[in-house]
Amino acid sequence: MTPATPDRAALHAFLERHQRFLLTTHVNPDGDAIGSEIAFAHWLLSCGKQVRVLNDSPTPAAFGWLANPLGIEVYDEALCESRFAEADALVVLDTGNKQRIGRLARHVELHAIAVAVVDHHVTHDGFGQVNVVEPALASTASLVFELVGEAGWTPDAHAAEALYVGLSTDTGNFRYSNADARAHRMAASLIELGVAPEVTTARVSASAPAGRLRFFGEVLAALEVLEGGRLVVLEASPEQFARHGLVGADTEGLVDMPRIIAGVEVVALISEVEAGKVKVSLRSAGRASIDQVCSRFGGGGHAHAAGVQMRGSRQNARDRILPELARVLAALGDAPAEGGRA
Ligand code: AMP
Ligand code: MN
Ligand code: MN
């Protein structure tokens with residue numbers, strides 16, 4: 001099949017040109033990051049290439065099973081150095097922002113390695129020699145799926161499952177506005193390739209320790225309803241993370257929950273995993289665009305799901321983010337919804 005764009009054609013040529021690949025993704029990887037890496041790795045292996053996958057952050061427990069049997073390595077200075085020395089090309093998936101690959105960024109500069117970016121975020125154009133950045137796609141997994149199709153490769157069962165994880169997690173299990181016809185068509189194709197949605201979804205979601213739900217309960221019990229019912233704010237403190245034995249990745253899914261409240265347009269989760277390290281996650285129910293609120297402070301994402309990492313206290317993060325959200329909500333130009341009760 002002919003590649004759909006010149007950038008995609010350039011990527012196919014890039015993959016043909018190189019032999020030893022290193023794959024990576026953004027810090028604190030999500031299902032799309034891991035799923036895309038695994039599917040991409042299987043594709044390259046099927047082409048007879050050498051492949052290593054190395055990330056700045058550990059793989060969250062929910063996606064650990066996807067890593068087998070290939071293995072996903074976690075950053076260590078010496079290990080990273082040797083992986084860069086061995087490789088002749090780096091493929092960065094699910095981010096086009098060099099800072100977001102964490103400690104690997106410095107090695108990219110030291111090694112002058114050939115880089116290709118495969119991503120679907122709006123905020124960055126990509127820092128590779130080749131950049132396939134398509135914000136119209138629901139997930140990076142969607143892009144990988146279309147690329148392998150263009151190359152005439154049929155994903156094997158494991159790659160199909162990895163792609164399904166990327167697509168289903170980035171669409172909030174097909175509930176977000178990016179769950180369009182193209183996303184559902186891809187899901188249908190993956191099911192035809194053998195994916196069982198109930199099995200794969202359970203592998204991802206039924207992996208939490210009980211403490212995670214207790215933590216969710218605590219944070220949700222303290223939710224604040226602001227801006228006439230249109231904004232919900234959640235906060236999690238370092239003490240709460242520590243007491244329940246959790247890490248940043250354990251908040252996955254939490255920010256989506258307040259959206260069941262009638263009239264909510266935006267949810268903000270302000271989590272301070274360690275003292276002074278605050279992560280803000282924003283979700284929009286579909287009308288408000290919130291990516292610019294994050295990109296203003298150095299983060300990014302999509303119109304309806306975005307995030308930013310901030311230094312300082314939770315109060316400091318609130319003081320910067322909440323007025324911006326109030327402005328975005330005011331610009332919607334209508335009265336707070338009927339159902340918006342605190
Ligand atoms: P999260 O709230 O972490 O689930 O992220 C929502 C979306 O925003 C995802 O598409 C992320 O890739 C993106 N995102 C989150 N944090 C950042 C950040 N610090 N910089 C850029 N994009 C981010
Ligand atoms: Mn991601
Ligand atoms: Mn993604």
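Modeller: Rings of Phe, Tyr and Trp (its six-membered ring) pair if their centres lie within 6.5 Å; planes under 30 degrees apart count as stacked, over 60 as edge-to-face and the rest as tilted. By that criterion the structure holds 4 aromatic pairs. This is a predicted model, in which local features need pLDDT of at least 70 and side-chain atom pairs count only at pLDDT 80 or more. Side-chain values use heavy atoms, leaving out hydrogens and water.

Biologist: Why is the pair of F40 and W43 called edge-to-face?

Modeller: The ring centres of F40 and W43 are 5.2 Å apart and the planes stand at 75°, so the pair is edge-to-face. Both F40 and W43 are buried.

Biologist: What makes the pair of Y164 and F174 tilted?

Modeller: The planes of Y164 and F174 are at 45°, with 6.0 Å centre to centre. Y164 lies in helix α7 and F174 in the loop between α7 and α8 (181-192).

Biologist: Why does Y164 count as buried?

Modeller: Buried means under 20% relative accessible area (1.4 Å probe, protein chains only). Y164 has 6% relative accessibility and therefore counts as buried.

Biologist: What is the arrangement of helix α2 (residues 31-46) and helix α7 (residues 157-170)?

Modeller: Their axes come within 8 Å and cross at roughly 155°. The angle therefore makes α2 roughly antiparallel to α7, a term for angles over 145 degrees.

Biologist: Which residues of α2 meet α7?

Modeller: Taking contact as heavy atoms within 4.5 Å, G31, D32, G35, I38, A39 and H42 in α2 meet residues of α7, including H158, A162 and D170.

Conventions:
Residues numbered from 1 in each chain as written. Chains lettered and ligands numbered in written order. Axes fitted to C-alpha atoms, helices over the stretch in contact; angles between N-to-C directions. Helix = DSSP H or I, 4+ residues; strand = E, 2+ residues; numbered from the N terminus. Parallel < 35°, antiparallel > 145°, perpendicular 65-115°, else oblique. Buried < 20%, exposed > 50% of the residue type's maximum accessible area, 1.4 Å probe, protein only.
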